[in-house]
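Biologist: I would like to go through the labels used for this model. For each one, please set the value against the rule behind it.

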Amino acid sequence: MQAKLVLSHAGVILQSYVLDKESVIIGRRDNCDVILDDPVVSSQHSRVFRIPSEYLDDHYDYYIEDLGSTNGTAVNGEKIRQPTQLKPGDNIKIGRHRMIFDGGEGIGHEETAILLPDDE
């Protein structure tokens with residue numbers, strides 16, 4: 001399973017962006033990898049990039065950095081000032097948009113519970 005950013009609102013997944021490149025640009029411009037149509041999002045707002053894990057072959061560590069945006073980028077409620085390593089389940093806020101970082105293990109949105117009636 002590949003790492004991805006999951007854009008959701010009120011618990012409903014709106015879009016999922018697979019992080020299958022070395023670097024993914026998030027912003028308002030059409031040439032961004034993740035386009036967020038929001039006037040408070042800068043044209044090139046943030047960048048998610050990966051580097052090979054020093055501990056596991058064929059695995060990556062993912063980081064996010066703000067690209068000098070006007071309104072900043074927050075991870076788990078804190079504005080970031082430098083590249084910040086992402087951990088599964090981290091909440092990312094860009095403009096009015098919220099995304100969750102899924103490191104490839106799943107974040108629980110896809111799980112479905114089936115309740116079976118009791119046999120009486």
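Biologist: What makes the pair His45 and Ser69 a polar contact?

Modeller: Their side chains come to 3.2 Å. A polar contact is a pair of N or O atoms within 3.5 Å, where within protein one must be able to donate a hydrogen and the other to accept it, and residues adjacent in sequence count only if both atoms are side-chain atoms. The pair of His45 and Ser69 therefore counts, at 3.2 Å against the limit of 3.5 Å. This is a predicted model, in which local features need pLDDT of at least 70 and side-chain atom pairs pLDDT 80 or more, while totals for chains, interfaces and linings use all residues. Residues are numbered from 1 along each chain as its sequence is written, and side-chain values use heavy atoms, without hydrogens and water.

Biologist: Why is His45 called buried?

Modeller: Its relative accessible area is 0%. Buried means under 20%, exposed over 50% and partly exposed in between, with a 1.4 Å probe and protein chains only, so His45 qualifies as buried. His45 sits in the loop between strand E4 (34–35) and strand E5 (46–52); strands are DSSP runs of at least two residues, and helices, H or I, of at least four, numbered from the N terminus.

Biologist: Which residues does His45 touch, leaving aside its neighbours within four places in sequence?

Modeller: Taking contact as heavy atoms within 4.5 Å, the partners of His45 include Ile26, Val40, Asp66, Leu67, Ser69 and Ile94.

Biologist: What makes Asp33 and Lys21 a salt bridge?

Modeller: The N to O distance between their side chains is 2.5 Å. The rule asks for a side-chain nitrogen of Lys or Arg within 4 Å of a carboxyl oxygen of Asp or Glu, so Asp33 and Lys21 meet it. Asp33 lies in the loop between strand E3 (23–27) and E4, and Lys21 in the loop between strand E2 (12–18) and E3, so the pair ties together parts 12 residues apart in sequence.

Biologist: How many salt bridges does this rule give?

Modeller: The count is 4. Among them is Arg50 with Glu22, whose closest N and O atoms are 3.2 Å apart. Arg50 is in strand E5 and Glu22 in the loop between E2 and E3, so this pair links parts 28 residues apart in sequence. Another is Arg47 with Glu65, at 2.6 Å from N to O. Arg47 belongs to strand E5 and Glu65 to strand E6, so this pair ties parts 18 residues apart in sequence.

Biologist: Are the members of these pairs buried or partly exposed, starting with Arg50?

Modeller: Arg50 is buried at 14%, whereas Glu22 is partly exposed at 47%. Arg47, at 24%, counts as partly exposed, and Glu65, at 16%, counts as buried.

Biologist: What is listed about the phi of Asp58?

Modeller: It is near 60 degrees, a positive value in a residue other than glycine. Most residues other than glycine have a negative phi. Asp58 lies in the loop between E5 and strand E6 (60–66), and its relative accessibility of 78% makes it exposed. Asn76 also has a positive phi, about 55 degrees, and is partly exposed at 42%.

Biologist: How many helices and strands are there in the protein chain?

Modeller: There are 0 helices and 11 strands. Of the 120 residues, 38% are buried.
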